Amino acid sequence: MPIQHFAPPPHVKAPPLSFATRVGDFLFVSGIPGFDASGALPDGFEAQFANVVVNIKRVLGEAGASVRDFVKVNVLLTRAADVAAMNALYAGAFGPPPYPARTTCVVQALPDPKMLIEIEAVASLSR
C-alpha cells in the first residue's frame, strides 16, 4: 500500500517530517504548532490555537478530509492554565458533538519555548 506524504507549508521552518502521511484509509497528522502565515508564533494562546486549526484544516483539505474525520486527537499544552480556554476553543473548532477521542497533556516544554500548544491527530478517510 503506497504512503502519501503532505509537506509543511513553505513558510514554516519545520524539522524533518511530513505534516501528515496517508496510508490506506488513515491520515496521521503530525503535531501542528500555532505558526501564523508568515511562520511566526504569536504570543497569545488563543491566537496560537486558531493558527493550529488553520494549519490542520489545510492539511486535511489537501488529503480530502475535514475535522469530522478525526478519530483521535492529542493536545499538548505547556500551561495548565490554558486547559479551560482550550476546551472552549476546541468545542468550536472540532464540533459539534460527537467529538473524536482525545488526550490532553500538559508538558514541560515543546520544541520552541514560545509554543503554547501543539495538536496531532489521526483521521479515518473511509467514508
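**Rings, strands and charges**

Me: What relative accessible area is computed for Phe70?
Reply: The model is a predicted one, in which local features need pLDDT of at least 70, side-chain atom pairs count only at pLDDT 80 or more, and totals for chains, interfaces and linings use all residues. Residues are numbered from 1 along each chain as its sequence is written, and side-chain values use heavy atoms, with hydrogens and water left out. Buried means under 20% relative accessible area, exposed over 50% and partly exposed in between, for a 1.4 Å probe and protein chains only. Phe70 counts as buried because its relative accessible area is 6%.

Me: At what angle do the planes of Phe70 and Phe94 stand?
Reply: Five aromatic pairs are found in a search of the whole structure. Phe70 and Phe94 have ring centres 5.8 Å apart, and the pair is tilted because the angle of the planes is 40°. Rings of Phe, Tyr and Trp (its six-membered ring) pair if their centres lie within 6.5 Å, and planes under 30 degrees apart count as stacked, over 60 as edge-to-face and the rest as tilted. The angle for Phe70 and Phe94 is therefore classed as tilted at 40°.

Me: Which residue forms an aromatic pair with Tyr90?
Reply: Phe94 is buried, with a relative accessible area of 1%. A tilted pair, 6.2 Å centre to centre with 45° between the planes, is formed by Tyr90 and Tyr99. Tyr90 is buried at 3%, whereas Tyr99 counts as partly exposed at 37%. Phe70, Tyr90 and Phe94 form one aromatic cluster together with Tyr99.

Me: Which residue has its charged end over the ring of Tyr90?
Reply: A charge sits over a ring if NZ of Lys or CZ of Arg is within 6 Å of the ring centre and within 35 degrees of the ring normal. Over the ring of Tyr90, 4.6 Å from its centre, sits the charged end of Arg102.

Me: What is the handedness of the crossover from strand 4 to strand 5?
Reply: Two strands pair if DSSP finds at least two bridges between them, and strand 4 pairs with strand 5 (residues 101–106) in the parallel sense over six bridges. Val75 has Thr104 in strand 5 as its bridge partner. The chain passes from strand 4 through helix 2 to strand 5 in a β-α-β crossover. With the strands pointing away from the viewer, a clockwise path from the first strand over the helix to the second counts as right-handed, and this crossover is right-handed.

Me: Which residue meets Glu62 in a salt bridge?
Reply: A salt bridge is a side-chain nitrogen of Lys or Arg within 4 Å of a carboxyl oxygen of Asp or Glu, and three are found in the whole structure. At 2.3 Å, N to O, the side chain of Glu62 meets that of Arg58.

Me: What is the relative accessible area of Asp82, which bridges to Arg79?
Reply: The closest N and O atoms of Asp82 and Arg79 are 2.8 Å apart in a salt bridge. Arg79 counts as partly exposed at 37% relative accessibility, whereas Asp82 is buried, its relative accessible area being 8%.

Technical notes:
Helix = DSSP H or I, 4+ residues; strand = E, 2+ residues; numbered from the N terminus.
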